[in-house]
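Here are a few friendly notes to read beside the model. Keep the 3D view open and look for each part as you go.

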Amino acid sequence: MGNYRSARLVWDSKIEEMQQPISSIQAIQRMTVNPIFENQGYYEQLEVPVLGDEKIENIFYYGDNYDLLNYIVKAEPEKKIDLIYIDPPYMTELDYHSSISIGAYSDIKYIKRTAFQDRWPRGLDSYLDMMYTRLQLMKKVLSNEGSIFVHVDWHVSHYLRVLLDEIFGPDNFINEIAWCFGGGSSSRRYFHRKHDLILWYARSPEYIYNPQYRPYTQGTIKRGLTNVKGDRYKLHEEGALMQDWWVDINKILSPTAYENLKFPTQKPKELLARLIAAASRPGSLVADFFAGSGTLAEVCNEMGRNWVLADASSLALQTSCYRLIRSRSKPFKIIGANNGEDAPGCELVLKQPLLKPVDDNHTLVDLGIDFYWPAQLPAQGDRRDFADYIEFWEIDLDFQEHIFNSHYQVLRNKQRFKEPIALDLLIRLESGQDIKIAIKVWDVWANQTISVIPIKT
Ligand SMILES: C[S@@+](CC[C@H](N)C(=O)[O-])C[C@H]1O[C@@H](n2cnc3c(N)ncnc32)[C@H](O)[C@@H]1O
């Protein structure tokens, strides 16, 4: 195929290449993951963990992904990504919510949280403006062996195919994967729409590909290949080479599944694991610039890849953090355009810490939360079950103002919203220090609130 093609998608507001100055990016939080679950007891004696000096590769950018991409291209051109997976909005013109019920005992409360909006003031034109500018930058951050998977559905897949051809070149198109799934649907006017498309483009012909296999069908196993095709054909131990249509991975349908984090549009880990296995290597840097619940990061941790996530939604940040804490993630950093605190009006009162020397060098510190109240609730509401509104909380044992170093994270164990959560902890610290202890509460609306208390051990 010749390289030159003039056919491309045109719309009124299309800008060939957007040039924006780099936005400033700050480190908001460093996370050493040490989850504490309620059933481990209220009074856990813990050593102060030491954050290794190793460079933390794993990053969550909280903000518009354009700013992060523009920053990487201009300020960190040496940073190269082997695999980008994105599952952007599909131009559905809908608002996405997450509905949960909370409450440890009989007083169950129903809560609806906004996850993100998929609405476009100028319709398709503004959607294409958003995707075109970002896809151009994504191409620039890919390594020479890199690939991009763009996960979409019937709403926009046809436009994005043409855009991707323009940006990556039609010769770098690799596959259009049809991900087929089940689940209910009520339409009586058309076939139920039960597949998404994952468009795969490579940065160059040197792209990484590790063949993936599927089990042979029962018929093939029974018959064997040799009988039909002759002596040269034998069944392979790994199975048959995989096609570009997948019917063996379902959506997360069960509301009670462990994997279900109640983030609308959340994708199953198994799907991402297949894509990551196919187009990256252990040690590769893998990115998802529309991260949602952070599925990609959890899978990367399990598969020995480093990761970069970005999302502009506070519920996406909170859900991803929860997922990564629960799964005992490698250390990661949260960075963003502001300091990350965006919860005016929430009230957090800490316990006055109790200190007790345990030996010549150590002091036991009893610390925790006395009261928390979210901005979303009327001040005169029933304040007795305030702890129901806390999703998890974190402790920084030596707060340095400019960055929150999360040393421990306290969360419920199995029932994410429906068990009591521990509200205090006993921690053993070195004696003779003047330090500030900070506690950060994340509530079920994804507000984050910090309160600081100085102590002398
Ligand atoms: C379909 S969801 C992704 C779901 C994800 N694949 C998962 O498994 O949970 C799309 C996400 O893109 C985010 N998003 C949309 N536009 C964005 C932008 N310009 N910058 C950063 N995030 C964005 C939304 O907040 C939303 O969380």
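1. Let us start at the ligand. Of the 19 residues around the ligand, the nearest are F116, F290, G292, S293 and S313. Sorted by class, this shell holds 8 nonpolar, 7 polar and 4 charged residues. Please keep in mind that this is a predicted model.

2. Now turn to the sheet. It is open and built from 11 strands, with mixed pairing, and the order is β13-β9-β10-β8-β5-β14-β15-β4-β16-β1-β21. Which strands stand at the edges? They are β13 (245-246) and β21 (404-406); each has a single partner strand, so one side of each is left without a neighbour in the sheet.

3. Strand β1 (residues 26-31) and strand β16 (residues 332-336) run antiparallel and are joined by 5 bridges.

4. Helix α2 (residues 124-141) touches β5 (81-86) and β8 (142-152), and its direction makes about 145° with that of β8. Helix α6 (residues 269-279) also packs on the sheet, touching β5, β8, β9 (173-180) and β14 (285-288). The direction of α6 makes about 155° with that of β5.

5. Stay with α6 for a moment. Which of its residues are buried? They are L271, L272, R274, L275, I276, A278 and A279. These buried residues pack against β5, β8, β9 and β14, and also against helix α7 (295-303).

Terms used. Residues numbered from 1 in each chain as written. Predicted model: local features only at pLDDT ≥ 70, side-chain atom pairs only at ≥ 80, totals over all residues. Pairing = 2+ DSSP bridges. Helix = DSSP H or I, 4+ residues; strand = E, 2+ residues; numbered from the N terminus. Contact = placed C-beta atoms within 7 Å. Axes fitted to C-alpha atoms, helices over the stretch in contact; angles between N-to-C directions. Near = placed C-beta within 6 Å. Nonpolar A, V, L, I, M, F, W, Y, C, P; charged D, E, K, R; others polar. Buried ≥ 20, exposed ≤ 12 C-beta atoms within 10 Å, placed from the backbone.
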